[in-house]
Amino acid sequence: MTAIHTPTIIDGYVRLSRDDNRRNYSSIENQKLIIQKYAEENNMIVRHIYEDDGSSGYSFCRPGFQAMMDHLDTIDVIVAKDLSRIGRHNAKVLLFLEKMEEQGRRVILIDDNYDSLCSDDDMIGIKTWDNERHVKSTSRKVKRIKKMEQENDTLKCTPPFGYTRHPLNKQKVLIDEEAAAILNLEKDLYLEGNGIRKIAQILSDRGVPTPSMLQKERFQALGLPCNRKAAHMWSYGMVKDTLFNDYHNGVLRTHKRERMTINGKDKKISRDQQYVFPDHHPKIFDDDTMKLLYTVKASRSHSQYRGQRKHISLFSGCLYCQDCGKKLTAISRPGRKKYYVCGTYNKKGKQFCQYAHLVTEETLIDALIRYLTLCRDSHTDTLRKLDLSDLKSPVYSADDSRKRLENELDRIRKELKTLIAQKVRELTDNPGAAEIINETYTSLQAEKTERIRAVEKKLLDCTKEIPSPATAAGTDPQTALDILNEVLEQKNLTRTDIEILVEKIVVDKDGNTDIYLKHSSGNLTTRDFNRGKENLKSAMMTEIIRLLRKNKTGFTSVKFLTENLKALGYPVNRKQSATYMERLSDLGLVEKTGICRYPYKILASGEKLHDMEKMFLMPGSDGRYAGNGL
């Protein structure tokens, strides 16, 4: 009587990755066929084959391999094509074989003629070492090639948000106009005083598409699959990563990260060790704009500015107390003009800062407008020659948001109609499964309906938005002088103007201000009429000299100066005017008479006074303004 042998139940394991040697290359399907054929020839039945496609053998954290190890209590025999399929890490492979032997599990490696039941192969250790050597050799070659590409600016990678590669010449990078408009909108919102989280909220409320939404739409338009899930809401990280990236300034940085070990974690490389290629591609943000963004960011980081309030104060973050050096706090109360007081005085009281250093927003605006007017008058010709027509950047507008939201709403409604039609068809074909069909489609319908409501709300909010003054006017100023004139005539400073122009404003105990403008802040108008830190004292000195020129009596007084400066809107008292008069005396422009009614005589001629007026407006050789020494 012939004995019948019970077939052995086995489990297979297959793996493939990019680090495999092409000469010994065998696809996943081929490995499965090899295992299946071996089982048929040896009276075995394959119960299950665990699979890892695209996983490096150097790492043992592979989904299929981990699943096999989790089911070891039900596995008796493991079959693989060869030793390299188990892994390419010498020590870990040997430990795995030892562990299987200790637990009584049988391991069969077909091409290596290895069976743990008779494991007398002394070459196993050499084979595992050779497998590991192959991975390390491949890794070194890939690293060397990548580093050469990084050094020579030939490494091709996906450009960040705002750019796309040329469809024919993949080495060439082009500006994505729609994404660039969104970036300019982010920039404008940031300079208006909004924090990063606030910007993310505004973009989401307006229905501005996220980077992943744009990418998915592009793939779908080309008929390509996109498995990446698109985010419909902006996040803090999205705004931060897209806004503060010098790639938008035409700078390519490579070698920003480096992996020290195979399949290890990437380590950040310091900026001084990175490979930098300026003017590598077209710029979305020019040099001045990029510098301004980083300057504002550093300023906010230093002052712990958050910018998340509903209404952002015009001068928040740039007002300082002359006595304690702390920032001034904005106070807004019903029925009163907005004003600012010393933060220390407001929070801790007089024992920490004796005076409130109160100043109204109206006073600050008027003082800044007056000083900018003086600067404009001294540099009119230079400003008129600056043509800004080529510096216009596209900005994602409310019309763009409305159009996108309307298209999205139309698409979701069509999807809902299709869903309902499909539900009706299935109910007709399978009336007995009505309960299951209803349960399945109810959640899908609810999701679509909720999405429709959300888009309709965004569309309603977007429709309520008021167009900006520049849009409503329909004409854009062409020169720097036009822009400055518009700001000065309207006397309507914005938060962006303050960010661009003002470095700091120091307020004394009487509410008098010293205004310091930014040096080469990135704004064209500022750059041309301002080369150093200016303050209000030089402006007041210029006005005093003009008053002397207009005075036909030949005499003046502290009272005369005080009254006229106040009439011009300057916050000044008689004590301060006396200080200016002493300065005029030191310059030889006036002298004391000893007569009560005419205390000071004007010595300088009209021509000399005109020259002195120019001196207080024009910068000195050290880059500072003559009036700063007052």
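Start with Ile9. Its opposite residue in strand 2 is Ile45. The model here is predicted, so local features need pLDDT of at least 70, side-chain atom pairs count only at pLDDT 80 or more, and totals for chains, interfaces and linings use all residues. Residues are numbered from 1 along each chain as its sequence is written, and side-chain values use heavy atoms, with hydrogens and water left out.

Now the sheet around that pair. Strand 1 covers residues 8-16, and nine bridges join strand 1 to strand 2. Those two strands run parallel. A word on terms: helices (H or I, at least four residues) and strands (E, at least two) are DSSP runs, numbered from the N terminus. Two strands pair if DSSP finds at least two bridges between them. The open sheet has five strands, in the order 2-1-3-4-5, with mixed pairing. Which strands stand at the edges? Strand 2 (44-53) and strand 5 do. Each has a single partner strand, so one side of each is left without a neighbour in the sheet.

Helix 2, residues 63-70, lies across strand 1, strand 2 and strand 3. Helix 2 runs at about 140° to strand 2. Axes here are lines fitted to C-alpha atoms, for helices over the stretch in contact, and angles run from 0 to 180 degrees between N-to-C directions.

On to salt bridges. The rule is a side-chain nitrogen of Lys or Arg within 4 Å of a carboxyl oxygen of Asp or Glu. The count by that rule is 14 salt bridges. Take Lys81 and Asp111. Their side chains meet in a salt bridge at 2.9 Å, N to O. The pair links distant parts of the chain, 30 residues apart. Lys81 is in the loop between strand 3 (77-80) and helix 3 (83-86). Asp111 is in the loop between strand 4 (106-109) and strand 5 (114-115).

Are the two partners buried or exposed? The cut-offs are relative accessible area under 20% for buried, over 50% for exposed, and partly exposed in between, with a 1.4 Å probe and protein chains only. Lys81 is buried, at 9%. Asp111 is partly exposed, at 42%. Both belong to a network of salt bridges linking Lys81, Asp82, Arg85 and Asp111.

Next pair: Asp246 and Arg271. The closest N and O atoms of this salt bridge are 3.4 Å apart. Asp246 sits in the loop between helix 9 (236-243) and strand 8 (252-254), and Arg271 in the loop between strand 10 (266-268) and strand 11 (275-277), so the pair ties together parts 25 residues apart in sequence. Asp246 is buried, at 12%. Arg271 is exposed, at 54%.

One further salt bridge: Asp287 and Lys283, at 2.9 Å, N to O. Here Asp287 is partly exposed, at 44%. Lys283 is also partly exposed, at 34%.

Helix 9 brings us to helix packing. Helix 7 (residues 196-206) packs against helix 9 at about 105°, with the axes 8 Å apart. The two are therefore roughly perpendicular. On that scale, under 35 degrees is roughly parallel, over 145 roughly antiparallel, 65 to 115 roughly perpendicular, and the rest oblique. What meets what? Ile196, Arg197, Ile199, Ala200 and Leu203 in helix 7 meet Tyr236, Val239 and Lys240 in helix 9. Contact means heavy atoms within 4.5 Å.

Cys324 is in no disulfide, and the nearest cysteine sulfur, that of Cys342, is 3.5 Å away. Cys324 is partly exposed, at 29%. Cys61 is exposed, at 69%.

Now Ile544, in helix 20 (residues 536-550). Ile544 is buried, at 0% relative accessibility. Which residues is Ile544 in contact with, leaving aside neighbours within four places in sequence? Leu561, Leu565, Tyr580 and Leu584. Leu561 is 17 residues apart from Ile544 along the chain, and their C-alpha atoms are separated by 6.9 Å.

Three strands form an open, antiparallel sheet in the order 18-20-19. Strand 18 (555-556) and strand 19 (590-592) are the edge strands, each pairing on one side only. Three bridges join strand 19 to strand 20, residues 600-602. Within that pairing, Lys592 has Tyr600 in strand 20 as its bridge partner.

Key
A disulfide is a pair of cysteine sulfur atoms within 2.5 Å.
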